Amino acid sequence: MSIVVKDLNYVYNPKSPFETRALHNVNLTIEDGEFVAIVGHTGSGKSTFVQHLNALIRVQSGSLVVNGINLHDKKCDLKKVRSLVGMVFQYPENQLFADTVAQDVEFGPKNMGMSQEEIDVCVKNAVELVGLDWETVKNKSPFELSGGEKRRVALAGVLAMQPKVLVLDEPTAGLDPVGKHEILTLVKKLNEEQGVTVIMVSHDMNEVYENARRIIVMKDGAVVYDTTPEDLFALEDEIVKMNLEVPYMAQFCNYLRKHHVKLPKGVRTVDEVLKAVNALKGGSNV
Ligand SMILES: Nc1ncnc2c1ncn2[C@@H]1O[C@H](COP(=O)(O)OP(=O)(O)OP(=O)(O)O)[C@@H](O)[C@H]1O
Ligand SMILES: [Mg+2]
């Protein structure tokens, strides 16, 4: 199921003194199974864009078609769109509300009109998928859990609806390194093993570099780059000018390439770089 965006524009508070143009002629297509990161300085339109994808923000001008559903159409099937595209907001744990974890996670599937039998299976699976023990947490109040666990419960609430596309707006913000790693590992697993399309907004260029296979850079509401992590971060000067960081591993790979080390395309992690350098040395370990 593809997402096709054509000439998408968005203005907050149009025709008022507070008018703000947040999106400017956005054009892109996201195919099934992609892992796309959206980056850009604060206020560049990332959240405004991703909130269009499950119709939280309605299309003002231009077109947006999700799995054949035209979101510009006022009468489009919103329930269907929201079951296809799961949205995890920044600090999703702030939206937990129910008395127990089980009740919180089943809220979405209940709204989708699943039978109680289906709901029970989806809810338990989703809680286990995010790495929590169902028997231990099902009757606990979500408010008794740690910050990282709360975020996982919130994520389970979205996964219980079995979305084909998972949109995450800064999913690791405020987590410690272990919490970050757990969330990213889970998201990567969903993408690689279950084919879930992932669209992740992030300010952390290191996590983006290692996980996404395509990066979209937004600036002042427009898409200014749409390319692979390697090609994007090879443009060190442009990245810095946009107030973005060049990931450590990208800096290292750029340095090696500048010094005539012929790294193959696509190497990004420490392990991949070590393997590539060893191969160039004829197999002896670095
Ligand atoms: N509810 C709103 N009302 C009015 N203007 C808004 C609203 N939300 C965002 N904006 C404005 O729209 C523009 C884009 O904001 P958006 O939140 O999409 O940026 P962002 O890239 O997600 O930023 P950040 O990295 O800080 O989350 C900014 O100029 C912002 O001030
Ligand atoms: Mg934002």
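The model is predicted: local features need pLDDT of at least 70, side-chain atom pairs count only at pLDDT 80 or more, and totals for chains, interfaces and linings use all residues. Residues are numbered from 1 along each chain as its sequence is written, while chains are lettered from A and ligands numbered from 1 in the order in which they are written. Helices (H or I, at least four residues) and strands (E, at least two) are DSSP runs, numbered from the N terminus.

**Domains**

- The chain splits into domain 1 (3-246) and domain 2 (247-286). These bounds come from an automatic or database domain assignment.
- Taken over C-alpha atoms, the centres of domain 1 and domain 2 are 32 Å apart.
- Eleven residues of domain 1 contact ten residues of domain 2. Two residues are in contact if their C-beta atoms, placed from the backbone, lie within 7 Å.
- On the side of domain 1 that touches domain 2, helix H8 (205-211) and helix H9 (229-233) each supply at least two residues. H8 gives the most, with four residues.
- By class, that side of domain 1 has six nonpolar, one polar and four charged residues. Here Ala, Val, Leu, Ile, Met, Phe, Trp, Tyr, Cys and Pro count as nonpolar, Asp, Glu, Lys and Arg as charged, and the others, Gly among them, as polar.

**Shell around ligand 1**

- The residues around ligand 1 are Tyr 12, Asn 13, Thr 20, Ala 22, Gly 40, Thr 42, Gly 43, Ser 44, Gly 45, Lys 46, Ser 47 and Thr 48. A residue is near a molecule if its C-beta atom, placed from the backbone, lies within 6 Å of it.
- Strand E2 (20-30) and helix H1 (46-52) each supply at least two residues of this shell. H1 has the largest share, three residues.
- By class, the shell holds two nonpolar, nine polar and one charged.

**Nonpolar core**

- A nonpolar core is a set of buried Ala, Val, Leu, Ile, Met, Phe, Trp, Tyr and Cys residues joined through C-beta atoms within 7 Å. A residue is buried if 20 or more other C-beta atoms lie within 10 Å of its own, exposed if 12 or fewer, and partly exposed in between, with C-beta atoms placed from the backbone.
- The largest nonpolar core has 69 residues, of which Val 36, Ile 38, Val 105, Ala 126, Ala 156, Val 167 and Ile 199 touch the most other members. Helix H6 (residues 147-159) gives this core its largest share, six residues.
- Leaving out residues up to four places away in sequence, Ala 126 touches Val 105, Ala 156, Leu 159 and Ala 160.

**Val 187 in helix H7**

- Val 187 is found in helix H7 (residues 177-194). Val 187 counts as buried because it has 22 C-beta neighbours inside 10 Å.
- Leaving out residues up to four places away in sequence, Val 187 touches Leu 168, Pro 171, Val 198 and Met 200.
- Val 187 and Phe 35 lie 152 residues apart in sequence and 9.4 Å apart in space, C-alpha to C-alpha.

- Two strands pair if DSSP finds at least two bridges between them.
- Six of the six residues of E3 are buried. Phe 35, Ala 37 and Val 39 point one way, and Val 36, Ile 38 and Gly 40 the other way.
- Strand E3 (residues 35-40) and strand E9 (residues 214-219) run parallel, joined by five bridges. Ala 37 stands opposite Ile 215 in E9, and Gly 40 stands opposite Met 218 in E9.
- E3 also pairs with strand E8 (residues 197-201), in the parallel sense, over four bridges. The bridge partner of Val 36 in E8 is Ile 199.
- E9 and strand E10 (residues 222-227) run antiparallel, with five bridges. Val 217 has Tyr 225 in E10 as its bridge partner.
- E9 and E10 form a hairpin with two residues between them. Asp 220 in the turn has a positive phi of about 50°.

**Four-stranded open sheet**

- Four strands form an open sheet in the order E2-E1-E4-E5, with antiparallel pairing. E2 and strand E5 (69-70) are the edge strands, each pairing on one side only.
- Two bridges join strand E4 (residues 61-66) to E5. Val 65 stands opposite Asn 70 in E5.
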